[in-house]
Amino acid sequence: MAIGISRRTAFSGLAVVGLVVAACGQGDLEERTRQAAEALDASGQGVGVSTSEGIAGSRPPERAPETRRPTADRPVDLTDLGYTFGDPEAPVRIIEFSDFGCGYCRRFHMESYPDLIAEYVETGKVAWQYVPYVLGIFPHGLESATAGECAVEQEMLQAFGARMFEDQAEWKNEQGAVRHIFVRYAREEGLDADRFEQCLDEDWRRDQVRQNILAGGRLGVRGTPTFFIPGYQPLQGALPKEIFQQILEYVLSEDAEPAQ
């Protein structure tokens with residue numbers, strides 16, 4: 001799936017005011033994207049350190065998608081980014097760029113997201129694609145995104161991501177390394193903890209985190225959460241459930257209209 005930078009304005013028929021609402025970030029996009037990518041490159045490894053049993057930077061035995069860096073003359077390919085919840089053939093797809101350390105992302109996922117998943121994703125109306133993103137302004141940002149990608153690697157992002165938001169204050173306020181906290185979350189949420197640790201230690205998802213950062217920068221993600229519905233204007237901020245429902249009903253009704 002490729003998304004171009006230009007997109008038509010939509011939702012003009014809705015009584016929606018202030019689509020850009022409370023969101024984390026809003027700094028200089030180009031500079032922040034550059035700094036986040038450089039920080040990832042300079043960090044050596046995203047979360048842990050290599051062990052004597054593994055080689056840093058090695059690939060997992062399965063599910064190691066190749067990535068293509070976006071360029072100025074090519075649309076951003078979102079196919080391999082993040083993880084999709086629900087039916088991939090649903091009539092509407094939402095791509096969410098979200099930072100686990102963002103308080104507004106936490107608010108959205110604790111308040112609006114569960115009901116939206118139940119009403120639209122579990123009923124097959126919407127596919128929800130979550131992309132772990134790094135704004136570069138929160139403690140342990142790279143580590144948390146890498147941990148999220150290691151949960152993606154096991155197709156367990158739903159449970160792990162919910163735990164990351166629920167206990168956000170614990171790991172954000174940790175003064176030292178946070179690896180042990182994320183491993184505990186993985187174990188308690190039913191992930192294969194040994195595989196999760198190996199993913200962290202050997203940086204299986206390092207390139208994917210970088211790809212997320214670069215793709216978000218190319219798409220103009222200036223704050224989180226940011227939502228894209230292909231063919232429509234991007235939405236930003238911790239939108240209330242009622243606003244999101246209004247938008248989705250509009251998009252679904254428009255999608256159901258026969259082509260002229």
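Mentor: The expected span of a helix is 1.5 Å times one less than its number of residues. Keep that rule at hand. The model here is predicted.

Trainee: How do you know that the length of helix H4 agrees with that rule?

Mentor: Helix H4 covers residues 141–153, which makes 13 residues. At 1.5 Å a residue, H4 should span 18 Å. Its end C-alpha atoms are 18 Å apart, so the two values agree.

Trainee: Why is H4 called largely enclosed?

Mentor: A residue is buried when its relative accessible area is under 20%. In H4, 12 of the 13 residues are buried, so the rest of the structure largely encloses this helix. Among the buried ones are Leu142, Cys150 and Val152. Glu149 and Glu153 are buried too.

Trainee: What makes Arg163 and Asp167 a salt bridge?

Mentor: The cut-off is 4 Å, from a side-chain nitrogen of Lys or Arg to a carboxyl oxygen of Asp or Glu. Arg163 and Asp167 meet at 2.6 Å, N to O. That is within 4 Å, so the pair qualifies.

Trainee: Which other residue forms a salt bridge with Arg163?

Mentor: Glu189 does, with the closest N and O atoms 2.9 Å apart. Arg163 lies in helix H5, while Glu189 lies in the loop between helices H7 and H8. The two are 26 residues apart in sequence, so the pair ties separate parts together.

Trainee: Are Arg163 and Glu189 buried, exposed or partly exposed?

Mentor: Arg163 has 11% relative accessibility, so this residue counts as buried. Glu189 has 26%, so this residue is partly exposed. The limits are under 20% for buried and over 50% for exposed.

Trainee: Which residues are linked in a network of salt bridges?

Mentor: Arg163, Asp167, Glu188 and Glu189 are. The whole structure holds 10 salt bridges. One of them joins Glu197 and Arg179 at 3.0 Å. Glu197 sits in helix H8 and Arg179 in helix H7, 18 residues apart.

Trainee: Why is Ser112 called buried?

Mentor: Its relative accessible area is 5%, which is under the 20% limit, so Ser112 is buried. Ser112 is found in the loop between helices H2 and H3.

Trainee: What does the side chain of Ser112 reach?

Mentor: The backbone nitrogen of Lys241, at 3.1 Å. Leaving aside neighbours within four places in sequence, Ser112 is also in contact with Arg107, Leu239 and Pro240.

Trainee: In which sense do E4 and E5 run with E6, parallel or antiparallel?

Mentor: E4 and E6 are antiparallel, joined by 3 bridges. In that pair, Tyr83 stands opposite Tyr130. E5 and E6 pair in the parallel sense over 7 bridges. There, Ser98 stands opposite Pro132 in E6.

Trainee: Which residues touch the most other members of the largest nonpolar core?

Mentor: Phe97, Trp128, Phe160, Phe182, Phe196 and Phe244 do, in a core of 60 residues. Helix H10 gives the largest share, 6 residues. Beyond four places in sequence, Phe244 touches residues including Ile94, Phe108 and Trp128. Another core, of 5 residues, lies apart and includes Val134 and Ile213.

Note on methods
Residues are numbered from 1 along each chain as its sequence is written. This is a predicted model: local features need pLDDT of at least 70, side-chain atom pairs count only at pLDDT 80 or more; totals for chains, interfaces and linings use all residues. Side-chain values use heavy atoms; hydrogens and water are left out. Buried means under 20% relative accessible area, exposed over 50%, partly exposed in between (1.4 Å probe, protein chains only). Helices (H or I, at least four residues) and strands (E, at least two) are DSSP runs, numbered from the N terminus. A nonpolar core is a set of buried Ala, Val, Leu, Ile, Met, Phe, Trp, Tyr and Cys residues joined through side-chain atoms within 4.5 Å. Contact means heavy atoms within 4.5 Å. A polar contact is a pair of N or O atoms within 3.5 Å; within protein, one must be able to donate a hydrogen and the other to accept it, and residues adjacent in sequence count only if both atoms are side-chain atoms. Two strands pair if DSSP finds at least two bridges between them.
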